[in-house]
Amino acid sequence: MAVKVLGIYGSPRKGGNTDLLLDQALKGAKEAGAGAEVDSLRVCDFKITPCRGCHACTKAGVCAIKDDMQQIYPRLLAADIVILASPIYFYGLTGWTKAMVDRSQALWERKYTLLDPALGDQAPKKNGFFISVGGTKGQKLFEGTTLSVKYFFDAFNAAYTGDLLFRKIDAFGDILKDPEALPQAFEAGKKLASGFIPGQ
Ligand SMILES: Cc1cc2nc3c(=O)[nH]c(=O)nc-3n(C[C@H](O)[C@H](O)[C@H](O)COP(=O)(O)O)c2cc1C
């Protein structure tokens with residue numbers, strides 16, 4: 001059974017720094033051992049309304065807002081490994097990515113309020129990996145964001161297994177100036193997919 005990897009492009013800047021990194025990570029996953037089955041989506045291609053806090057999802061773990069997020073839930077649930085790539089915007093995720101993360105509250109309710117066994121301790125484990133860049137060198141640049149991503153992953157049972165975080169990457173293509181960055185992303189994707197046994 002091939003490992004299912006979902007790559008999520010969180011930047012609205014097509015071909016930008018996080019895109020280049022995620023492209024490599026997905027390429028690495030495809031080239032891992034048996035080869036992963038790779039799915040990907042770009043959040044800004046979807047209409048994702050921010051969570052409105054109505055708590056309707058507490059009843060059945062289903063979000064009341066019927067927009068494009070409904071297409072993303074099954075893809076999050078189907079993946080064995082989710083690789084999320086988002087640049088830092090104001091010390092957080094991009095708006096599109098954050099909207100998707102907040103809407104995963106429906107999965108959180110499914111897991112923690114409704115105790116859905118498909119997301120419980122006995123369910124097969126999934127892995128999550130985070131890729132990010134920021135323009136500045138701030139020591140705490142990724143602090144809040146990595147926590148947000150950890151709990152986003154947890155909502156669909158994925159453990160935060162690692163990240164690749166780059167400071168001082170701002171202009172389009174800046175990541176190419178770091179000769180190790182893209183190979184690191186390729187290796188991370190390859191390692192993630194080759195070390196994963198689906199269904200366990
Ligand atoms: C709206 C906006 C907010 C940003 N906020 C931050 C920030 O808080 N800290 C930082 O270091 N860089 C910040 N940046 C810079 C981006 O993280 C940087 O340009 C990054 O390389 C963009 O990645 P991308 O090419 O994948 O879109 C911001 C950029 C934008 C457009």
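Let us begin with histidine 55, which counts as exposed because 12 C-beta neighbours lie inside 10 Å, and 12 or fewer is the limit for that class. Please keep in mind that we are looking at a predicted model. Histidine 55 sits in the loop between S2 and helix H2, residues 57-60. Its backbone deserves a remark: phi is positive, at about 65°, although the residue is not a glycine. As background, most residues other than glycine have a negative phi.

A second residue belongs in this discussion. Phenylalanine 90 also has a positive phi, of about 45°, and is not a glycine. Phenylalanine 90 is found in the loop between S3 and H4. Is phenylalanine 90 buried or exposed? It is exposed, since 7 other C-beta atoms lie within 10 Å.

I turn now to the sheet. Five strands form an open sheet in the order S2-S1-S3-S4-S5, and the pairing is parallel. Strand S2, residues 37-42, and strand S5, residues 158-166, are the edge strands, each pairing on one side only. From one strand to the next, the twist averages 15°. Strand S4, residues 126-133, is joined to S5 in the parallel sense over eight bridges. Within this pairing, phenylalanine 130 has aspartate 163 of S5 as its bridge partner.

Which strands does helix H7 lie across? Helix H7, residues 181-194, lies across strand S1 (4-9), strand S3 (81-85), S4 and S5. Relative to S5, helix H7 runs at about 170°.

The largest nonpolar core has 52 residues. Those with the most contacts inside this core are Val5, Leu21, Ala25, Ile81, Val82, Ile83 and Ile131. Helix H1 gives the most to the core, with six residues. Let us take leucine 21 as an example. Leaving aside residues up to four places away in sequence, leucine 21 touches Ala85, Ile131, Leu164, Ile175, Ala181, Leu182 and Ala185.

Beyond residues up to four places away in sequence, phenylalanine 153 touches Val82, Gly128, Ala158, Ala159 and Tyr160. With valine 82, the separation is 71 residues in sequence, and the C-alpha atoms are 8.0 Å apart in space.

Helix H4, residues 95-103, also has an inward-facing list to examine. Which residues of H4 are buried? They are Trp96, Thr97, Lys98, Met100, Val101 and Arg103. The cover over these buried residues includes helix H3 (69-78), helix H5 (105-113) and helix H6 (143-155).

Finally, I come to the ligand. There are 18 residues around the ligand, and those that come nearest are Gly16, Thr18, Pro87, Gly134 and Gly135. Which helix gives the most to this shell? Helix H1, residues 17-30, does, with three residues. By class, the shell has eight nonpolar, seven polar and three charged residues.

Definitions and conventions: Residues are numbered from 1 along each chain as its sequence is written. This is a predicted model: local features need pLDDT of at least 70, side-chain atom pairs count only at pLDDT 80 or more; totals for chains, interfaces and linings use all residues. A residue is near a molecule or strand if its C-beta atom, placed from the backbone, lies within 6 Å of it. Helices (H or I, at least four residues) and strands (E, at least two) are DSSP runs, numbered from the N terminus. Ala, Val, Leu, Ile, Met, Phe, Trp, Tyr, Cys and Pro count as nonpolar, Asp, Glu, Lys and Arg as charged, and the others, Gly among them, as polar. A residue is buried if 20 or more other C-beta atoms lie within 10 Å of its own, exposed if 12 or fewer, and partly exposed in between; C-beta atoms are placed from the backbone. Two residues are in contact if their C-beta atoms, placed from the backbone, lie within 7 Å. A nonpolar core is a set of buried Ala, Val, Leu, Ile, Met, Phe, Trp, Tyr and Cys residues joined through C-beta atoms within 7 Å. Two strands pair if DSSP finds at least two bridges between them. Axes are lines fitted to C-alpha atoms, for helices over the stretch in contact, and angles run from 0 to 180 degrees between N-to-C directions.
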